[in-house]
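Open the structure in your viewer and keep the selection tool at hand. The stops below say what to select and what is there.

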Amino acid sequence: MPRKSAIPALVVALVVALVALHAVLLFAGFFAPYDPAVQDRDLPYAPPTRVHFIDASGFHLRPFVYAWTSAVQGDDAETYKEDRSRSYPIHFFVSGPSYRLIGLFATDRHLFGVAQPAKIFLFGSDGFGRDEFSRILFGGQISVAAGLAATLIALLAGTVLGIIAGYCGRWVDESLMGVTELFLSLPWLYFLLGVRAFLPLHLSTLRTFFLLTGVIGLIGWARPARLVRGIVLSARNRNYVLAARGFGGSHLYLLRRHILPETFGLLLTQAALLVPRYIAAEVTLSFFGLGVNEPTPSWGNMLSTLQQYSVLVSYGWLLAPAGALVVTSVLYGYLADLFHSRLKSS
Amino acid sequence: MSFIVRRLARSALLLFGVSILCFLFTEMAPGSFFDEMRLNPQISPETIANLRTHYGLDQPLVVRYERWLKSALRGDLGISIAYNSPVTPLLWSRAKNTLLLTTTALLLTWIISVPLGVWAASRRGGLLDRLITLASAFLISVPELVLAVALLAVAVRWGILRTGGMISADFESLSMWAKLQDVISHLVLPVCILVLAETAVIVRHVRASVLETLQSPYVQAARGFGISRTRLLFRHVLPVAANPAISLLGFSLAGLLSGSLMVEVVCGWPGLGPLILEATLSRDLYLVIGGIMLSALFMVMGNLVADMLLSALDPRIRGNEDKAEAEQGLHAA
Amino acid sequence: MGSNLPTDSPINSPNNSASVPEALLRVQGLTKRYVRGGLWRKRLPVAAVSCADFYIPRGQTFALVGESGSGKSTVARCVTRLERPDSGSILIGGTDIAQLMSRDLAPFRADVQMVFQDAVTSMNPRFSALDVIEEPLLINCKAHDTPGASERRDLVRALMIEVGLSAAWMNRSILHFSGGQRQRLALARALALRPQLLVLDEALSGLDLSTQAQIANLLLDLQAAHSLTYLLISHDLALVTLLADVIGVMSEGETVEVGPTRQIISEANHSTTKKLVAAAKAAGSNLAQIAGASA
């Protein structure tokens, strides 16, 4: 007798973490102290700002930072030293650079910030003195949105075509499955590059975004289509579907009431699997310079500066976008595992 | 015998289909292939027009495809503008390096994963098993690009491995043995990245498959006879558990080829990857198409070998393609 | 070929369909072939039914018996138009439904309903009892106006009581019902549209003997209450003798012998019929022997 399963604490934590992640990215403007495009030519490659609670006068409840000053203008790496002459407390809900929340509401409130001329670079700054933390948040918007959108496209196309193949059967099925086999016979990255190759290289950010999601979704429909087709094929021949046909059920009715619900479990699992993969696809393309281009941040093009060994070695904090990507992927991966085990047990 | 012939015919058809797909994609561009060049003031419109005729881009799609197909079947895949030389030898020299990388990674992956998976399954719930499960779950989630960059960072930072390229500057002057050592030392980093990524996937599957076999009735019966653990594992469990694992070979290859592209670019290994990337960025049409076709060829051949291996091991597999595929829904792009 | 009907019946003359007394269902020359294989594989025709001929007067129970593979289930599927026959006619109260398109078929859907062998697979496991029984009401309605939700509940309640189930279980998932109870649900569902002909395709085969007896009695009660006509498909001759008025024997896709139950059992003509009767008698006598021995 199926009973209501208690939702374990770990699952709750997972869902909360995922929701929090997406919320932070959605409201990037609020959580980011700075505009991602603003450069500070005096502070290129600044290391992460250290947050202090204790100074000469003892413990403070409100954390504070010191400003960075260049110590040695070396030919290799800039070295910075904290200027301890003045401390800058971190204020919350400060007013800072104005922006549009979710692109709609103009405001200038930020979660935290420090007074000028100090900068709070939580993850340091890049070669142009832009705040890495802010760029990660805004870059995440693009990368994660691309992953989500591409997943939607791939699953939509895959489901529709899988249903057509599985339901119509015979030559429709065979030809569609032949096409999917074609798509699956190429290693995905080669395929991605190939398709990307024939499309315009330099477009506006918005167009690039749509292009990327379209391309990734375009080659990603094949596997979901095969899986959905398998389910539809077996469901179509079930006796209860036959019985409903015996009552005069139309094809649309049969699909809606009996066949489609069988695919939901699979689609959910596939979604949780594909989102991180497609985020990684966008990141890879942007890393290669085939995706979102400067100055718009994306986790991919932020990581591409690391292709220079000098940068890689000296400025380790620039690996932060990789960390953000890993966190996102691991969370989604855990979700996918969860869905999959629930699907298997039902 | 007819099975092999059928598979060969299918593979040929597949490659044919891929080539058509490639050419269809060239029609996809909302503008023409050389639109970007038009924006560049240094390139004159005459040059662009010449390029177009040179590539036959002013011809209709069918004519272009026919010309390409005819020459491709003779082994000539066109000319590269960037290198100003035929595509085929360019691809081939790079392909050898990619094959070296990929095959090494494939072999090592399976040599490591199978025993590891079997061991983890046989000591289910133990500390090592849990460690392996956790580690593989984590590694699977990490995108391959991140893995590559992270390992590169570690290698560069601590200077423990040779990074960049395939050979050192003084390669030519080395002895035969030293040459081999040199290549191997450069091979270590990219192979490590690939193996790490792929092992996580394979170990999981091997472990699951062995666990499932261990539950099966005939294994329980065998245990009832008092067979030793090792004998049980190797003579009874492994042959059966091997099947679903080996059916992964094809997907494993797909993942490795894609992964190798990334790894080659990041580590500077002179394989197909960086070549195709470069060709894409410089709009080198026939080089891109040639590269894609070659990768498809590798995939198809690899799958063929895997299928033949599989059918040699177990003739039942030939009928069970759909079932194996459902289980693979979790893996591969 | 040829149905072995009693010679003194006016039905024997093939052109005399008009004078057939009250035949609710008349099947003539039914053929159906299945073709295996697709684009790449060889196309193999498998003949399921090569010639089926019989009729069922209103209110009667007709049993179609035969070995597995003789084509019985295919006939059942053609009669309920779950499959379209290749040739032949299926007359329901005078109208040939064999080749009708789905739109024209709609009014006849309510008249002929099927009960499947495996009650478990003939219902969507995610459904509740209410969902299962009201489904035909939602899809098909004679007067083309679907009854409202509360009206449907009342109908379902009445049907459940009629088939011997407690109406309180209406909202339970069908997974909570036993095999026999699910068969009752299937009957309730089949009755929802007030059909005239019920096709029971091995409907009692998957049940244990005591449940079988219960369902058989239920069938008789329902038949009396609603003047139903039954087409019973079965391989169990013993069961058939209990329920059927007329038996038709199928062998390798043809109806080889048709006649009243008593006649078929005692004076079988065709070799297949003799084989089936002998087997049933042997099984029965074994049981009697064991029962007698232990008495």
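Start by selecting chain A: of its 346 residues, 52% are buried, where buried means under 20% relative accessible area, exposed means over 50%, and partly exposed lies in between (1.4 Å probe, protein chains only). This is a predicted model, in which local features need pLDDT of at least 70 and side-chain atom pairs count only at pLDDT 80 or more, while totals for chains, interfaces and linings use all residues. Residues are numbered from 1 along each chain as its sequence is written, chains are lettered from A and ligands numbered from 1 in the order in which they are written, and side-chain values use heavy atoms, with hydrogens and water left out.

Stay with chain A and switch to a cartoon view. Chain A has 12 helices and five strands; helices (H or I, at least four residues) and strands (E, at least two) are DSSP runs, numbered from the N terminus. Its C-alpha atoms fill a box of roughly 85 × 50 × 35 Å, taken along the principal axes.

Next, show chain B beside chain A. Here 48 residues of chain A are in contact with 60 residues of chain B, contact meaning heavy atoms within 4.5 Å. The area buried between chain A and chain B is about 5,000 Å², and carbon and sulfur atoms give 74% of that area. Buried area is the accessible area (1.4 Å probe) that two parts lose on being put together, summed over both. Select A:Tyr190, A:Phe198 and A:Arg223: in chain A these lose the most area to chain B, together 18% of what that side buries.

Now look for charges across this interface. The rule finds two salt bridges between chain A and chain B, each a side-chain nitrogen of Lys or Arg within 4 Å of a carboxyl oxygen of Asp or Glu. Select A:Asp337 and B:Arg204, whose side chains meet in a salt bridge (2.9 Å, N to O).

Move to chain C and select residues 129-139, which are helix H3. Why is this helix largely enclosed by the rest of the structure? Eight of its 11 residues are buried, so the rest of the structure largely encloses helix H3 of chain C. Among the buried ones are C:Leu130, C:Val132 and C:Ile133. Their cover includes helices H8 (239-246) and H9 (251-287) of chain A, together with H4 (149-162) and H5 (179-191) of chain C.

For the last stop, select B:Asn303, in helix H13 (residues 285-313) of chain B. B:Asn303 is partly exposed, with a relative accessible area of 24%. Not counting residues up to four places away in sequence, B:Asn303 touches B:Arg7, B:Gly250 and B:Leu253. B:Arg7 is 296 residues from B:Asn303 along the chain, and their C-alpha atoms are separated by 9.8 Å.
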